[in-house]
Amino acid sequence: MRTVITDSQWKTIEPLLPKERGRPGRPCKVSNRTTVEAILWIARTGSPWRDLPESCGKWNTVYRRFKRWSDSGMFASVLATLDGELDMGVTMIDGTIVRVHQHAAG
């Protein structure tokens, strides 16, 4: 997986994220940086969560963190901080999966 966030960008957003913590006696398996990289990979590729590369950790763990961070508004502040700095490449929408109302189909 290609790294999207530079070290300077990471230093900017790291304080916005919650401290990494695992269960008592266990370290956190997926770092916050890996989680952010994985979320940006999903955004960049448009892949389903289950197709997340194994190097990113378990897809469900990454998704649950993303959901928690999104619901709290934290991820929006991270993106606002990085706005204009990220190189997300080309963004595409695959129209083959978009359904059309029956009257619009020709």
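Residues are numbered from 1 along each chain as its sequence is written, and side-chain values use heavy atoms, with hydrogens and water left out.

On the confidence side, pLDDT (the predictor's confidence in each residue, from 0 to 100) averages 78 over the chain, and 70% of the residues score at least 70. Where pLDDT is low, the predicted coordinates should not be read in detail.

As for the fold, the chain has 4 helices and 0 strands, in the pattern α-α-α-α along the sequence. Helices (H or I, at least four residues) and strands (E, at least two) are DSSP runs, numbered from the N terminus. Of the contacts (heavy atoms within 4.5 Å) with a separation of 6 or more, 61% come from residues 24 or more positions apart.

Now to the aromatics. Rings of Phe, Tyr and Trp (its six-membered ring) pair if their centres lie within 6.5 Å; planes under 30 degrees apart count as stacked, over 60 as edge-to-face and the rest as tilted. The count by this rule is 3 aromatic pairs. One of them joins Trp 49 and Phe 66, whose ring centres are 5.5 Å apart with planes at 35 degrees, so this pair is tilted. It links distant parts of the chain: Trp 49 sits in the loop between α2 (32–45) and α3 (59–72), and Phe 66, 17 residues away, in helix α3. Trp 49 is buried at 19% relative accessible area, whereas Phe 66 is partly exposed at 23%. Phe 66 also pairs with Phe 75: centres 5.5 Å apart, planes at 85 degrees, and therefore edge-to-face. Phe 75 is buried, with a relative accessible area of 6%. Ring pairs join Trp 49, Tyr 63, Phe 66 and Phe 75 into a cluster.

Leu 16, in the loop between α1 (7–13) and α2, is partly exposed at 34% relative accessible area. Its C-alpha atom is 8.7 Å from that of Phe 75, 59 residues apart along the chain. Neighbours within four places in sequence aside, Leu 16 contacts Met 74, Ser 77, Val 78 and Thr 81.

Note on methods
This is a predicted model: local features need pLDDT of at least 70, side-chain atom pairs count only at pLDDT 80 or more; totals for chains, interfaces and linings use all residues. Buried means under 20% relative accessible area, exposed over 50%, partly exposed in between (1.4 Å probe, protein chains only).
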